[in-house]
Amino acid sequence: MNIRTWVLVFTLAIFSDVTAQRPKRNEESNVVGQVKTKLEIGEVFKLKKNALIENIFPSSGGGYWSLTGIGGVQYAQSYDIGLNLVKNKKLSLRYGGKCLELFRVHKVGQDYYAFLTSLDREKGKLFLYYVLFNPLLLNIDGDIIKISEAKYRGKGYTFPSFTLTVSDNKDHIIVYAEDAQKVKSSGRIGFFSSLFASRAAELKSSSVGNRKFNFTYWVFDNKMKTVNYQEKLSIEIQNSADKFYVHEFKIDKQGNVFILGKNELLDELSKNEQRMKKIEAWAEYKKSAFVVQKIAPDGSQTQYVTPDDMLYLDMKMLFDKEDNIQLIGLSGEPYFDGLLATGVARITLDAELNELSLSTDEFTPEVLSNVNPIQEFEERVVGREKKKYDRKKERKENKMTAQQKEYSDLAKRAALNVSTIEYVGIDEKGNAQLVLEEQYLKVVTTTTRNPDGTANTTTNYYYHYNDLIFCKFLEDTVLQNYYKKNFVSVNFKLPESLNATINSNNDMLIITQDHLLLLDHDLEIRLGEIDLKLINRMTGRKKFIITKRIITEDNEIVLVAKRLKKTRLLKIGL
């Protein structure tokens, strides 16, 4: 039996016990107090074609407004100060006789712009347009203007896409077009694919070299005038694979463009090698680094690459008050053909991408004992069951090789179901704070037999959104804390699992489906006195799912809750 099978069997046994025997969690075990809150609830309403509200904004005249689009038809909604729907107005958004799909809504300068797309299969292009929108009159203001395009190639290729990023001062917006790419099968097999923190790149080590990657983007000012356009801008990366995964585009106050991308290298075993029973090792990660590329308005370029001795699953890029760049990363260690999250890191760069500081920290034992499912299970097993478990564990460990024991140990000191950074922000003192969340998907297929011999098969998708991990980077240390929760969405992947912000007091406000948390400067947790679980059930036994949250400048939280065809708005004030 090979190394992968041994660890798979051993950990599956533990995971099955965790699933079967996990008791109800004490979700407020490390909460130090409560936050006084007030709740306002709007009336239930229905939108045309069961549209989903993905954009909602405060109105200058009081109340709120939103845009929805489905099937090439767009509607604008206005709500009064009591969160009740006042108007649901159909918009006529057509270009060249074609209906346009609503893509994004952004505030640039003092104005709001709706960005729309249309697909032309004959020309093989996806087009992007914008139009100025007047939220008071719920009307478009001016002509619809085409600004970008991406190549469409049909079956066997990814769908083309656009990335839109607004600068922190709202004076610039960057539009990045990503053409369709050929789809490659992952080659990963087995249960652990849902746990791996990073997809395995389908690359041979022989594909490593100095490679050039081309990017096309547009930069517009706050009047949507083009101030920078780069067509097939060439970026060279040394010791790179033949793929460069773009994560973020950022623009600073001077209009400099920053591209954050992932450069991932690993050996890959062939399918025949994967089926061999005497494999002693799995794919070895040679690099999982991030690259920051700065492009000035005059076209000059500067590059920074994270150190090779650190492997990263995810990374975010922020600007602080001194215009320095803070890279906040989720670090990990190799686990077969993926990475498991074991810690966090912060790299500070100046405006010219010179490294000023680098700090790292592994997850603390206290955090892992409450987040890692294997440690949680072992702490709960007591008495005769513990003796039985320890004997079984000892027998298996005696049969393991050194590398198998190493993998087993890694599985206990990692956040197994954490793979991305859900939120990161910088407070007034320049300290970066981040939120991580356990997320995983469980697919359950059930087959029932009928009396006539036929069978019915149903498949349900259970999206789990569990414990939170908080980290705060100070000058010489990293604070950590956790919050235990458990939320499952059946057959519906949440558009947003949580929202967070850092207020003027340097406190971090976090809202999830069922929880409202306020973390002070020491990451001590206070819980909102409003029970969001009761809010979800206030109109009956079936849950309302929160599909959108916004946190206003006054720290008011506006929620969009939806159940089937019914929608309602809620507002929580602190």
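The following legends describe close-up views of a predicted model. Local features require pLDDT of at least 70 and side-chain atom pairs count only at pLDDT 80 or more, whereas totals for chains, interfaces and linings use all residues. Residues are numbered from 1 along each chain as its sequence is written, and side-chain values use heavy atoms, with hydrogens and water left out.

**View A. Salt bridge between Lys294 and Glu352.** The two side chains meet at 3.5 Å, N to O (a salt bridge is a side-chain nitrogen of Lys or Arg within 4 Å of a carboxyl oxygen of Asp or Glu). Lys294 belongs to strand S20 (residues 285-295) and Glu352 to the loop between strands S24 (338-349) and S25 (355-362), so the contact ties together parts 58 residues apart in sequence. Strands are DSSP runs of E with at least two residues, and helices are runs of H or I with at least four, numbered from the N terminus. Lys294 is buried at 8% relative accessible area, while Glu352 is partly exposed at 45% (buried, under 20%; exposed, over 50%; partly exposed, in between; 1.4 Å probe, protein chains only).

**View B. Salt bridge between Glu437 and Lys485.** The N to O distance is 2.8 Å. Glu437 lies in strand S27 (residues 432-449) and Lys485 in the loop between strands S29 (478-483) and S30 (487-490), 48 residues apart. Glu437 is buried, with a relative accessible area of 2%, and Lys485 is buried at 3%.

**View C. Open sheet with the order S10-S11-S12-S13.** The 4 strands pair antiparallel (pairing requires at least two DSSP bridges between two strands). Strands S10 (101-108) and S13 (139-151) stand at the edges, each with a single partner strand, so one side of each lacks a neighbour in the sheet.
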